[in-house]
Amino acid sequence: MIARLARSIRTRLALFAAVAMALLCLAMSALLLWAVHSSAVDIRRNEVISAALRAVHLIRTGELPTILSMDLQGLQVVDANGRVVASTPNLSGAPRLTTMAPDADNTDRVGMICDLPQFSRECQVLIALRVYEPEGDWLVYAFGSMVPWYVHPAVLAFLTGMSVALVTLAWFGVSRVVARTLQPVNVITDRLSEITAGDLSMRVPVPENAEEIKALAEAANRTLARLEDSMEQQRRFTSEASHDLRSPITAMRAELEEALLSPDETDWREAGTKLLTSLDRLQNIVTDLLTLARLDARSPGPRTPVDLAELCATETARPRSKRVVTRLRTGVIVLGDRLRLARLLTNLLDNAERHAESTITVTVRRDGEAVLEVLDDGAGIAPELREVVFRRFARLDAARSRDAGGTGLGLPIAREIAEAHGGTLTIEDSDTGARFVLRMPIRKD
């Protein structure tokens, strides 16, 4: 996909450069052709004027022959009586071709004449000169062919050839430069095609130059690193989840097999109670896994104003095996999903209940943001292990392990809920036990 995109970019840029060069060549060729045409017209006019002046000179010296050899399309000399007294060979015997004459106060006139059969009806440059003679004014008419718009086929061929060469050079030049610039993209594409789900440790090469492509490569490597971490976490999670799901199933199977070996001696009520305990644990694990799946999918819940003090008062009113002390400041309002926030608090209370010696303290306060604390008076958690407990199915020592029915998913679920609400859930220092602190933005009126 990236390679096709690079080729498309190269083709488009080369095409753009070629079209731009073609337009530039067209404009420059038109300007150059106009300049050359103007110069050629001036040269042709000067040639015709020079031929006419030679005829004037012959008239003045009295050496005018009947047939004039001139290097131009044609020339006629008309005397004061309007008779043609001299002409070029191609106009010999032809009548006077035009009656155009200079103005009364001028000696020359420049014009253009067309549709003369003597010139195959092609337009000609016409120069008319007045010659003052004693018996009357004579007129010299000199005809020269018009310069075509392209001046000469060689000029048109030269301009066309130069334009084609420059357009071709622009195409291949830009294509080559872009290809060289995008070469790292092809290398990145090849490396990405080699990376599979089984080996995410590979990284794409980062070019030293080309800042944009360097940024692309670094972003790709960061994405691969996150993907590798995610896959590793998923593999670890799958392994640990399968182990924790297998444990209650194995326990139930053992209970049933033992009961079936001696059905007459089995206390089926006691066996049923043990099976229900294992089923409860299995159900709790499955429920927590489904909750995590919904949180991982970032499925939004209904957001309503929630008073943390009122929420804590409701949740702590339920009977627990340890004493719960509350210090609740009213009016600490957050915007969130009440059910999920209640689940977060319940998970923190369940965790504290398993590890507290006698007392759990719940505090709600303001500190620039909404703060909810759950503190137990148990053994506490070492600083280097405070992030470990938020891993799914994390196992610590016996003092904080998942004994007494914990699934190992309560604290990860609580952190996921906190982050889904734009907050944080951490373990902070305390004089005794473990102090879990939830911080969330306060709802703005």
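## Cysteine burial and bonding

Cys25 has a relative accessibility of 7% and therefore counts as buried, where buried means under 20% relative accessible area, exposed over 50% and partly exposed in between (1.4 Å probe, protein chains only). This is a predicted model, in which local features need pLDDT of at least 70 and side-chain atom pairs count only at pLDDT 80 or more, while totals for chains, interfaces and linings use all residues. Residues are numbered from 1 along each chain as its sequence is written, and side-chain values use heavy atoms, with hydrogens and water left out.

| Residue | Relative accessibility | Class |
|---|---|---|
| Cys25 | 7% | buried |
| Cys114 | 29% | partly exposed |
| Cys123 | 32% | partly exposed |
| Cys312 | 1% | buried |

With a disulfide taken as a pair of cysteine sulfur atoms within 2.5 Å, the count comes to one disulfide. The bond joins Cys114 to Cys123, with an S to S distance of 1.9 Å. The link of Cys114 and Cys123 is right-handed, with 110° about the S-S bond.

Ser87 belongs to strand 2, which covers residues 84-87; strands (E, at least two residues) and helices (H or I, at least four) are DSSP runs, numbered from the N terminus. Ser87 has a relative accessible area of 4% and is therefore buried. Leaving aside residues up to four places away in sequence, Ser87 touches Thr66, Ile67, Leu68, Leu75, Gln76 and Ser92, a contact being heavy atoms within 4.5 Å.
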